Amino acid sequence: MSPFNRRDLLRSAGVIAFAGATASAAQGRPGPAAGSAAVPDFLHGVASGDPLPDSVLLWTRVTPTPDALPGSGLGPDITVGWEVAEDSGFLRVASSGSVTTGPARDHTVKVVPTGLRPGTPYWYRFSVAGATSATGRTRTAPAAGAAVERLRMGVVSCANWQAGYFSAYRHLADRGDLDVVLHLGDYLYEYAPGEYQARDVVVRAHDPAVEMTTLTHYRRRHAQYKTDLDLQALHAAVPFVVTWDDHEFANDAWSGGAENHTDGIEGTWAVRREASQQAYAEWMPVRYEPGGHIYRRFTFGSLASISMLDLRSYRSQQASSVVDPAVGSPTRTLTGEAQMTWLLDGFSSTQAQWKLIGNPVMIAPIRFPSTLSAREVGAVGQLLGSTTIDGVPYNVDQWDGYTADRSRVIGHLRDNAVTDAVFLTGDIHSGWACDVPADPLTYPSNGASVATELVCTSVTSDNLDDILRSPPRTASLAVEEAFKAANPHVKYLDFDSHGFSVLEVTPASLRMDWYALSERTDRAATISLATSWQVAAGTQSVRPAR
């Protein structure tokens, strides 16, 4: 989000690689207390991610001794066995091996079994000294170029532990029909208790009870999130494809700092970023190592490719406002040159029909309405993390603050007649369905949309109704209509709901369903279908699903 000082507002309101591995539904529990005898054990569940046609990454964390708590740096090196099977009873083992982990990587384990069959479900588990982990289920990607009739994925972002329960993950895990879960960032939050929660209520306090700034802090916070039973269940049921946004580091992160970081008081940004990236590599089921890059691409037969972007590590510092000449400067970047080249080349070179982009911040241009009240302006500014100029908020943390990079992407899509490009976005705690116009000043009279964008809402993080202190779907409705009137390419907008989305892709069309939770602070929250929008193949335009 942008250079809006959220920290001050909220306070005033109340083996780094794969553990040396070689390759030939979860029941989570709370973390162990010091002195516990229930070790060794797998207290943080199991997970899989980054599926390829012949392999998938498997993850767990072992607690070998009572003192080997996350972030402690204590405990011995220990050898962990793993198995991958074609059946849940492990009668047909497809691959197995062992790996050694220890305090150097916080006793986390990553293995990448290879030689698996494309488009195939597998079951996996870990074992150590008589203890066996929960069994996870995963699936490899279809073979390159294979005809795929359907791809279905969960789409989530912005899960703040302190703001509620992860019921959205439970409902996704219970579906049983997902091929993959796409997590678009803000998997966890850096804040201390009392700094960012559910309106004014800390539903569950963060551990450690400070803003995370050190490697120990980041490890412990990742570990806390991994004890959530609903998150464990989803990780054990479906492979994840993830990227980070800002809160995995600190609010409004950029390559040289963050809004929520003070050099000297909180150490140097370089050391803090290195610590956050190391903990992320250790604790997440992702093919990423510090020193490498997390942007990467996955292909699901001839149907779809998914390009996951990193929009924090290489970006220039956010501009002061949209009237700052820096906004359109070609010397500033959101993606970095190497990632931009990779993205544009991927649009043109992929043989997949649908080009999906895991896009942590919104790319569609947004003009803020001039008709909002001062109270509404303040609330929208807080929600979107915006800078306010002459009483009007602008979001310079998303692609609106880096228009030269956006123009390169839009120009490439237009000039190369790229079709079926869909940006899948998180970050802003609201649901959107948008066309991405070639020129927003002439849209829709010229009818030119070069892509579409679908934005999932937050799992738990505050929405507009939370900021306005109003009941859901009341005060926000007029604000939503004002935004749509000011932005004709915005076809759907929901500023209030918490929940998740489900994306279904077929050769004929792409459809996203938005599901809303009944109450984020209720462990037993129910869901309802809020709306469905679709993109017909070749149209570059969103329409209500029928």
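Predicted model: local features only at pLDDT ≥ 70, side-chain atom pairs only at ≥ 80, totals over all residues.
Student: Let's start with α3. Which residues does helix α3 span, and how many of them are buried?

Tutor: Helix α3 covers residues 215-225. Eight of its 11 residues are buried, so the helix is largely enclosed by the rest of the structure.

Student: Which residues in α3 are the buried ones?

Tutor: They are His-217, Tyr-218, Arg-219, Arg-221, His-222, Ala-223, Gln-224 and Tyr-225.

Student: And what covers the buried residues of α3?

Tutor: The cover includes α4, residues 229-237, and α5, residues 269-283.

Student: Take α5, then. At what angle do α3 and α5 pack?

Tutor: About 35 degrees, and their axes are 8 Å apart. The crossing is right-handed.

Student: Which residues of α3 meet α5?

Tutor: From α3, Leu-215, Tyr-218, Arg-219, His-222 and Ala-223. Their partners in α5 are Arg-272, Ala-275, Ser-276, Gln-278, Ala-279, Tyr-280, Glu-282 and Trp-283. By class, the contact of α3 with α5 has seven nonpolar, three polar and three charged residues. Note that Tyr-218, Arg-219, His-222 and Ala-223 are also among the buried residues of α3.

Student: Now α4. Is α4 mostly covered or mostly open?

Tutor: Mostly covered. Seven of the nine residues of α4 are buried. Those are Asp-230, Leu-231, Gln-232, Ala-233, Leu-234, His-235 and Ala-236.

Student: What caps the N-terminal end of α4?

Tutor: Asp-228 does. One of its side-chain oxygens lies 3.0 Å from the backbone nitrogen of Asp-230.

Student: α2 packs on α4 too. What's the geometry of α2 and α4?

Tutor: Helix α2, residues 167-175, packs against α4 at about 30 degrees. Their axes are 7 Å apart.

Student: Why call α2 and α4 roughly parallel?

Tutor: Angles under 35 degrees count as roughly parallel. The angle here is about 30 degrees, so α2 and α4 are roughly parallel to each other. Their crossing is left-handed.

Student: Which residues of α2 and α4 meet?

Tutor: On the α2 side, Ser-167, Tyr-169, Arg-170, Leu-172 and Ala-173. On the α4 side, Asp-230, Leu-231, Ala-233, Leu-234 and Ala-237. Seven residues of this contact are nonpolar, one is polar and two are charged.

Student: One more helix pair. How do α6 and α8 pack?

Tutor: Helix α6 is residues 337-349 and helix α8 is residues 403-415. They pack at about 15 degrees, with axes 10 Å apart. That makes α6 roughly parallel to α8. The crossing of α6 and α8 is right-handed.

Student: Who makes the contact between α6 and α8?

Tutor: From α6, Glu-337, Met-340, Leu-343, Leu-344, Phe-347 and Ser-348. From α8, Asp-405, Arg-408, Val-409, His-412 and Leu-413.

Student: Switching to loops. Where is Asn-463?

Tutor: Asn-463 sits in the loop between β21, residues 449-455, and α9, residues 464-468.

Student: Is Asn-463 buried or exposed?

Tutor: Buried. Its relative accessibility is 0%. The side chains of Asn-463 and Ser-458 make a polar contact of 3.0 Å. Beyond four places in sequence, Asn-463 also contacts residues including Leu-383, His-429, Phe-495 and His-498.

Student: What about Pro-51? Which loop is it in?

Tutor: The loop between β1, residues 46-49, and β2, residues 57-61. Pro-51 is buried, with a relative accessible area of 3%.

Student: How far is the C-alpha of Pro-51 from that of Arg-139?

Tutor: 6.9 Å, although the two residues are 88 apart along the chain. Arg-139 is one of the contacts of Pro-51, and others include Val-56, Thr-140, Pro-239 and Phe-300.

Student: Last one, Leu-74. Where is it, and what does it touch?

Tutor: Leu-74 lies in the loop between β2 and β3, the latter being residues 78-85. At 44% relative accessibility, Leu-74 is partly exposed. Leaving out residues up to four places away, Leu-74 touches Asp-67, Ala-68, Pro-103 and His-107. Its C-alpha is 32 Å from that of Ser-55, 19 residues away along the chain.

Note on methods
Residues numbered from 1 in each chain as written. Heavy atoms only, no water. Helix = DSSP H or I, 4+ residues; strand = E, 2+ residues; numbered from the N terminus. Buried < 20%, exposed > 50% of the residue type's maximum accessible area, 1.4 Å probe, protein only. Polar contact = N/O pair within 3.5 Å; in protein donor to acceptor, adjacent residues only side chain to side chain. Contact = heavy atoms within 4.5 Å. Axes fitted to C-alpha atoms, helices over the stretch in contact; angles between N-to-C directions. Parallel < 35°, antiparallel > 145°, perpendicular 65-115°, else oblique. Left-handed = near helix turned anticlockwise from the far one by under 90°. Nonpolar A, V, L, I, M, F, W, Y, C, P; charged D, E, K, R; others polar.
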